[in-house]
Amino acid sequence: MWIDTHCHLDAHEFGGESAAQAALARQQGVSMIVIPAVETANFPVVAQLAASVDNGCYALGIHPIYVPHAEEDDLRVLREQVAAAMADRRFVALGEIGLDFFIPMLTEPAMREKQIFFFREQLRIARDFELPVLMHVRRSQDVVLKHVRQIRPAGGIAHAFNGSFQQAQGYLDLGFKLGFGGAMTFTRALQIRRLAAELPLDGIVLETDAPDISPSWIHPGRNSPDQIPRIGAVLAELRGMPPQDVAAATSANARAALPRMGAHG
């Protein structure tokens, strides 16, 4: 069985098909789909969606791309919602949180500082509740690492990892797993494919980031969680392993990164 550690199953691109997509993924052997929130407005949405499908679980957090419109009070809401969600066995992490220094508007000094403030405050919430984090690290791997070293959550996943071997080792040394998905299915993605082939297998988890980061055979179409087995087969090929061994290893890694997932099902 496979696990999709990062899937925005509530995204509008799925229309009213979110539950059907989860069921299709289940038929393809995807035993669990982690649905991260992106802003306070979709906290109840991801929780309800996770509860409505038998292979759903969720995370709560404020995504860096949503920070420009976020208010400081949203952090109070997040803390209160996390406290309430601790009783929900489908709640597994704080996320999606992190930093994005790819979008030009987010790199402007004031917005960079606001991102860092929200990230650090969310790391504190994760630390206080002993929760792992699902982290957005686009063009920000070193800065994210710096803050995680200062405010240590209970592990988690660096989502859509696309850094250097040295940066990868920094996350692994802190007990994080690295998320790989559709990007490694492109033959031109040499660095990601080298990382996927050569990093310790116990540091790797699989994800779709659906509806985004479509694999090569769908691009530029909508990604979906049922693609995880085929994405995993690419990882198996890169590592010269049987797909079933990659499924077992990456699923065990996901459960190690997100221990509350083990309480589900």
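This report looks at a sheet and the helices around it in a predicted model.

## Ground rules

Residues are numbered from 1 along each chain as its sequence is written. In this predicted model, local features need pLDDT of at least 70 and side-chain atom pairs pLDDT 80 or more, while totals for chains, interfaces and linings use all residues, and side-chain values use heavy atoms, without hydrogens and water.

## The sheet

Let's start with the strands (DSSP E runs of at least two residues, numbered from the N terminus). Eight of them form an open sheet in the order 1-2-3-4-5-6-7-8, with parallel pairing; strands pair if DSSP finds at least two bridges between them. Strand 1 (2-4) and strand 8 (204-206) are the edges, each pairing on one side only.

Inside the sheet, strand 6 (residues 156-159) and strand 7 (residues 176-180) run parallel and share three bridges. Here alanine 158 sits opposite leucine 178 of strand 7.

## Two helices side by side

Helices are DSSP H or I runs of at least four residues. The axes of helix 3 (residues 73-85) and helix 5 (residues 109-128) come within 11 Å and cross at roughly 20°; axes are lines fitted to C-alpha atoms, for helices over the stretch in contact, and angles run from 0 to 180 degrees between N-to-C directions. The two helices are therefore roughly parallel to each other, a label for angles under 35 degrees.

Contact means heavy atoms within 4.5 Å. Leu75, Leu78, Arg79 and Val82 of helix 3 meet residues of helix 5 including Phe117, Phe118 and Ile125.

## Back to the sheet

Helix 5 also lies across strand 4 (91-98) and strand 5 (133-136), at about 160° to strand 4.

Key:
Parallel < 35°, antiparallel > 145°, perpendicular 65-115°, else oblique.
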